[in-house]
Amino acid sequence: MKSNDQWSSRFGFILASAGSAIGLGALWKFPYMAGTNGGGAFFLIFLLFTFLVGAPMLLAEFVIGRHSQQNAVSSYEKISGNPSWKWLGYLGVIASFIILSFYSVIGGWVITYLVRSFSGSLTGLPNSRYEQLFGDIIGSPATSLLTQALFLAITVAIVQFGIQKGIETASRYMMPALFVLFLVLVVRSLSLDGAMEGVAFFLQPDLSKLTAEGVLDALGQSFFALSVGISLMVTYSSYLDKSANLTGSVISVVGLNVLISFLAGLAIFPAVFAFGFEPTEGPGLIFTVLPAVFNQMALGGLFFTVFMALLLFATLTSAFSLMEIIVSTVTRGADNRKKVSWIAGLFVFVLGIPSALSFGVLADVSVFGRSIFDMMDFLASNLLMPIGALLISIFVSKKMKRTILESEVMMSSKAGQVIFPLWYGLIRFVVPAAIIIVLITSLLSY
Ligand code: PHE
């Protein structure tokens, strides 16, 4: 038996980091971001950023965590020998608080949809009803806050038990099941009358539709979907033993994530066009479109319930990882995990209240031209994550020796020999340059 602080196997680690990565980012946020930013053009830029910036960042975080065997905050300090670098770890913890605060709002919506689909009240309605229903659900302060609290309570309850039992066991079965159900959904969606218009929207890039803000959104989305830039993956890989193959893990996590985003687009956009919805709907996109697709399937009600249960699971595994980085930084090995988890959960809940209400009673409040919810998302995904990533890339190139990086990347990995020089170039030049250019251009365009 290994201690509770180590993954039981490399496979467990891949499942958990894929579990962190795959969640609402690919399944909920990607489709609506693509929808509001012109479809294919956004997808193309997102792919580019994922491969050239997000994936190298993921490997960088894995290398830092596995090399230091410490949590995010201590890693930077230990490797550089300079205490100021620990602020980079704290930046990640702060960003995690913010992300979890609005992530749990959507987690709450998923719970509501799961309960409603289970009770059968979501099937057989005319398509136009789904938009209204969604509006009613998210507009109700009581429902939003209660389900958000419930979502966080589940997260805390599981995280307090520690790494292995909590996260690893369940991912093994639920993620493949979600994947299979998604394939079924794609097939159904593609066979709807008028589906091709949606396929064209999603897969034919029209670059003239891309704005500076859309490019920043795509960069933010590539970080958000891979959970990078906030040192979360540093903490995760610190539980990994020295013989694990890091490049293989990066390839699996990035590959799965891109595949799921692609499937999500193929499930949503054909249906959007076939049913006459608007691709620019925003955060409600999957919640109005998917029930309508399931309606067109035999046993649609049952499938919809199963789908929502799996979506809730995928959402929870991402939430666990956010909670884990907060808890592991605060406890620093002390024996107060339980208490810290519940208190952190409470803080996150309070921070998330304005976001939850921004779809209802606070809908008219806008901060810098955005709703409170959008502002929180923008702050975390489009500012803190890119800035964190920029600093991490600088840390890797300035504070870590090439030989150490080389041995971490090549450890147990044949592909590492080819990947290392490529990655080393990307992380030192392409990653920082891309982030700086995108941030500056989009801030100037305000
Ligand atoms: N990657 C997760 C998702 O796509 C969200 C997340 C972001 C989780 C950052 C952890 C850290 O749903």
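Which element gives the largest share of the lining of the largest cavity? That share, three residues, comes from α14. Welcome to this predicted model, in which local features need pLDDT of at least 70, side-chain atom pairs count only at pLDDT 80 or more, and totals for chains, interfaces and linings use all residues. Residues are numbered from 1 along each chain as its sequence is written, and side-chain values use heavy atoms, with hydrogens and water left out. Helices are DSSP runs (H or I, at least four residues), numbered from the N terminus.

**The largest cavity**

- Searching the whole structure turns up one cavity of 30 Å³ or more; on a 1 Å grid over the protein atoms alone, a cavity is a set of points where a 1.4 Å probe fits but cannot get out.
- The largest cavity has a volume of about 110 Å³, where volume is the space filled by probe spheres set on the grid points, which are joined across faces, edges and corners.
- Its lining has 14 residues, and the closest to the centre are Ser-20, Ile-99, Phe-224, Ser-227 and Leu-322; a lining residue has an atom within 4 Å of a point.
- Two or more lining residues come from each of α1 (10-21), α5 (86-118) and α14 (300-331).
- By class, this lining has eight nonpolar, six polar and no charged residues; Ala, Val, Leu, Ile, Met, Phe, Trp, Tyr, Cys and Pro count as nonpolar, Asp, Glu, Lys and Arg as charged, and the others, Gly among them, as polar.

**The second largest pocket**

- About 300 Å³ of space lies in the second largest pocket; a pocket is an open set of points with protein on both sides within 12 Å along at least five of seven lines.
- Of its 17 lining residues, Met-33, Glu-213, Asp-217, Arg-370 and Asp-374 are the closest to the centre.
- Helices α2 (24-36), α10 (212-226) and α16 each give two or more residues to this lining, and α16 gives the most, with five.
- The lining of this pocket divides into four nonpolar, seven polar and six charged residues.

**Helix α15 with helix α16**

- The axes of α15 (residues 337-357) and α16 (residues 372-399) come within 6 Å and cross at roughly 125°; axes are lines fitted to C-alpha atoms, for helices over the stretch in contact, and angles run from 0 to 180 degrees between N-to-C directions.
- That angle makes α15 oblique to α16; angles under 35 degrees count as roughly parallel, over 145 as roughly antiparallel, 65 to 115 as roughly perpendicular and the rest as oblique.
- Leu-351, Pro-354 and Ser-355 of α15 make the contact with Ile-372, Phe-373 and Met-376 of α16, contact meaning heavy atoms within 4.5 Å.
- Five nonpolar, one polar and no charged residues take part in this contact.

**Helix α2 with helix α12**

- Helices α2 and α12 (residues 246-275) pack at an angle of about 60°, with their axes 9 Å apart, and are therefore oblique to each other.
- In α2, Ala-26, Leu-27, Phe-30, Pro-31, Ala-34 and Gly-35 meet Asn-257, Ile-260, Ser-261, Ala-264, Ile-268 and Phe-269 in α12.
- The contact of α2 with α12 has nine nonpolar, three polar and no charged residues.
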